[in-house]
Amino acid sequence: MSVASRRHSSSNSINVKDGRTKIYNARRVDDCPNILLERTTTTPRSTMKTSFTSPSINISKFNKNWIVIIPLLCIAVLNIRNLRFFRKISVNYVRRVALLTASSAASLRKAEVIPSNTCLTTDECDHARQQIGLEEFEIGNFSEYGCFRKGMVAYWGLPSTSLRVKEMYAALDDKSSSRIHCNHKRPQNTSPCPGVAWLMSFPNSGTSYTGALVRSSSSTATATNYGSSNTFNRMSKQLFDWSTVGPFMTDPKSSINGKLDIPKNGTYVLTKTHCGGYCFGCHPKQYVQTQTEFRNDCLTGDFLDEFGGKQKVMYDASIVDKAVHLVRDPFDNVVSRFHLKRNQKQGNATWLAAYPNSIEGFRNFCAYVNTRLHSAEENFPVIGAKSNANVLVKYREKIPCYSDFVRYVLWHNHAIETIDELGLDHLTLHYEDYVRNHKETTVELFQFLGLTLETEGDEFHGSERYYRDYFTTDDIQAVQELLRDIASNENWNLLRRYFD
């Protein structure tokens, strides 16, 4: 292995082989040394130097390598003195493609979850090697990616070329080397820090409003499992510096700029998670989950890596202290998911014309969805506890978008069991309570989080979003039978109010 640089614990700069110097500046909350408010690099992304090697093309591994071949051919064709300008453009283009290809490689890994004990940064690797007594630390473009050791020396491997980006947790090529792991569990000395309160919700249940309400009415930050959708300067911002695997800040710009405060000791950061099994119109194997699979999905999120690729990560359950369980009328929830689908199809005039934003459009869409996966639903049955029948088959002719009602009730079954399994103090909020008792509901939420209610927050418009008229009397009766058939007793106690 070639040695790029060495660093000891007294230094906070990292000199890497390609000439860049990264300096990490962490500004922390006064009462909580483990809250990370800022992590910046002195060298802007656009000016970073990258050592470039002409990539070897492997069509089977990267399906976009044709965009590397074209500019290389351009260089050969335009290798004429009076076309130096075009040659320069081509060379710069190829160099940019190197980073693009690395991003493509990262995107290929997005379906895999990085284990919660993986070191994700050089700082983490440096700290971990000190914990196990390794005095030397070398950083460079090795064939391995991430944190590992060989003998008494610790290494952080940067990608030596864009086409050699490897998994941070992959098996090492050199059998004499071994991975160094990091501990992302809540440290014992973090009592001044705020706790984490999950906001557990089946999508389109009022998640965005609840998070916005907390931020606007208390001027405090919220968090999310999904850091890739909440970035500042094209980077996800972790909430705790000891957990780079999440949670992440919902509005990192406002938190870093001081517009939102991090909750103090004795309070809780509301943290969004949709857990798993909520996909719309998908194969049953994607939403028929075991309790363990669902719980792990509640702990799973994502962030953007240094190449802009989305990486899936999972944090430890010890980070979570409480849960807010958000529940919405099942009929309104399912129709709202149809509206979300329409928003995702903006620009597809044919699809939007086939399924307009109306009762007829919704029912036509459900008629299409109801016929797509009959064979799969027979091979992956959901057996009702009361009927002992496959509800996916039993109700397919009776309920519009029947499979989404199945996903809905299975999701809430698992959410209740996860809260019990982890022993979380919890609060159940019904979406409709924001309309009927907005002030009382808001006060109850803030008391649960230990936050001070400064203002009443944004007006709630949920009263305009009731969709029971999208369903016939027979539809409603069939949905009640389906939910009663597969809902746990605790879940049915939450849902029966929608049928009384």
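**View 1. Arg-337 is a buried arginine, with a relative accessible area of 5%.** Buried means under 20% relative accessible area, exposed over 50%, and partly exposed in between, using a 1.4 Å probe and protein chains only. This is a predicted model: local features need pLDDT of at least 70, side-chain atom pairs count only at pLDDT 80 or more, and totals for chains, interfaces and linings use all residues. Residues are numbered from 1 along each chain as its sequence is written, and side-chain values use heavy atoms, with hydrogens and water left out.

**View 2. Arg-337 and Asp-404 meet in a salt bridge.** Their side chains come to 2.8 Å, N to O. A salt bridge is a side-chain nitrogen of Lys or Arg within 4 Å of a carboxyl oxygen of Asp or Glu. The pair links distant parts of the chain: Asp-404 is in helix H12 and Arg-337 in helix H7, 67 residues apart. Helices (H or I, at least four residues) and strands (E, at least two) are DSSP runs, numbered from the N terminus. Asp-404 is buried, at a relative accessible area of 0%. Arg-407 also forms a salt bridge with Asp-404 (3.0 Å, N to O). Arg-407 and Asp-404 lie 3 residues apart in helix H12, so about one helical turn separates them. Arg-407 counts as buried, at 1% relative accessibility. Through shared partners, salt bridges join Arg-337, Asp-404 and Arg-407 into one network.

**View 3. Arg-363 and Asp-475 form a salt bridge.** The distance is 2.9 Å, N to O. Arg-363 sits in helix H9 (residues 359–369) and Asp-475 in helix H15 (residues 473–486), 112 residues apart, so this pair links distant parts of the chain. Arg-363 is partly exposed, with a relative accessible area of 30%. Asp-475 is buried, at 5%. The structure holds 10 salt bridges.

**View 4. Arg-342 is buried yet has no salt bridge.** Arg-342 belongs to helix H7 (residues 330–344). The nearest side chain of opposite charge is Glu-360, 11 Å away. For charge, Lys and Arg count as positive and Asp and Glu as negative; His and the chain ends are not counted. Leaving aside neighbours within four places in sequence, Arg-342 is in contact (heavy atoms within 4.5 Å) with Trp-351, Leu-352, Tyr-355, Pro-356 and Asn-357.

**View 5. Six strands form an open sheet with mixed pairing.** The order is E12-E9-E13-E8-E16-E17. Two strands pair if DSSP finds at least two bridges between them. The edge strands, E12 (248–249) and E17 (425–430), each pair on one side only. Strand E9 (residues 223–224) runs antiparallel to E12, joined by 2 bridges. Ala-223 has Met-249 in E12 as its bridge partner. Helix H12 (residues 402–422) packs on the sheet, touching E8 (195–201), E16 (320–327) and E17, and its direction makes about 155° with that of E16. Helix H14 (residues 438–449) lies across E8, E13 (268–273), E16 and E17, running at about 160° to E17. Axes are lines fitted to C-alpha atoms, for helices over the stretch in contact, and angles run from 0 to 180 degrees between N-to-C directions.

**View 6. Strand E14 (residues 300–304) is largely enclosed by the rest of the structure.** This is because 4 of its 5 residues are buried. Strand E15 (residues 310–314) runs antiparallel to E14, and 5 bridges join the two. Thr-300 stands opposite Met-314 in E15.
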